[in-house]
Amino acid sequence: MLTFLGSAAGDAGTVLLLHAFPLSAHMWEPQISALREAGYGVIAPNVYGFDGSPSKPGWRMDDYAAELCTLLDSLDCGRVTVAGLSMGGYQAFAFWRRHPERTASLVLCDTRANADGPEALAHRMEFRRAVEKKGAAEAAERMVPNFFARKSYDEKPGMVARVREAILRQPAADISEAMRAIAERPDSIGLLPAITCPTLFINGDADGVTPPITASDMHARLPGSKLELLPDAGHLSNLEQPELFNRLLLEHLDRLART
């Protein structure tokens, strides 16, 4: 069974938080606290092999979506809002594809719907081989400099250090497996017009990994969706602008409750 943070108990509904690569559910701590205070149940699972979740060699996004459903069933949890950031967004697409009846709404953050092209795929495979050879430190060295808006590195060194530490504690083999699953994810561009649940896109306006134009394109393809850009935020927008992120998330949930 996947390890997770939070609890399904909550009078206002339940939110499933899916973390970015190669972090863990701890990246959602600012949101877990805010959601609990607002009366929501929160489930923030760790992907295979991360922070105590069992490893699963060869896993794919659909496998993880099925595992998430099993976790929800074990907690007697029905429909949920699924919020995913980066890799978590890929998992959110997979969850909707398999279980639309369990998806009350989607919050897709700093992510993309398109699959890797040849160049991105080649880079990801080279990255994977480097992590297998050099360990988790290679992932931290490559990814942390691209995660945040420029001034955050000077103004929020503690946040940057915590993210680095979160990467370093993950097993290299499981980082590699997650990277392979990301590389093999299906294209979800064609899925966007078919999504019928309320959907919110959140993106850092300084995100260099999934830039705002990526979020704008998805928003344009999904009728009735809403797009919010967070100022002075890069790829981990929930950590750089937690107060604004939480306000937008709670406003989305409040709108959902009134429909």
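User: Which residue forms a salt bridge with K226 here?

Analyst: K226 pairs with E228, their closest N and O atoms being 3.5 Å apart. A salt bridge is a side-chain nitrogen of Lys or Arg within 4 Å of a carboxyl oxygen of Asp or Glu. This is a predicted model, in which local features need pLDDT of at least 70, side-chain atom pairs count only at pLDDT 80 or more, and totals for chains, interfaces and linings use all residues. Residues are numbered from 1 along each chain as its sequence is written, and side-chain values use heavy atoms, leaving out hydrogens and water.

User: Is K226 buried or exposed, or partly exposed?

Analyst: Good one to ask! Buried means under 20% relative accessible area, exposed over 50%, and partly exposed in between (1.4 Å probe, protein chains only). K226 has 34% relative accessibility, so K226 counts as partly exposed.

User: How many salt bridges are there by this rule?

Analyst: The count comes to 16.

User: Where do R128 and E132 lie?

Analyst: Helices are DSSP runs of H or I with at least four residues, strands are runs of E with at least two, and both are numbered from the N terminus. R128 and E132 both sit in helix α4 (residues 118-134), 4 residues apart, about one turn of the helix. Their side chains meet in a salt bridge at 3.4 Å, N to O. R128 is buried at 17%, while E132 is partly exposed at 47%.

User: Which parts of the chain does the pair of E177 and R128 link?

Analyst: E177 forms a salt bridge with R128, with closest N and O atoms 3.1 Å apart. This pair links distant parts of the chain: E177 belongs to helix α8 (residues 172-183) and R128 to helix α4, 49 residues apart. E177 is buried, with a relative accessible area of 16%. Through shared partners, salt bridges join R60, R128, E132, E177, R180 and E184 into one network.
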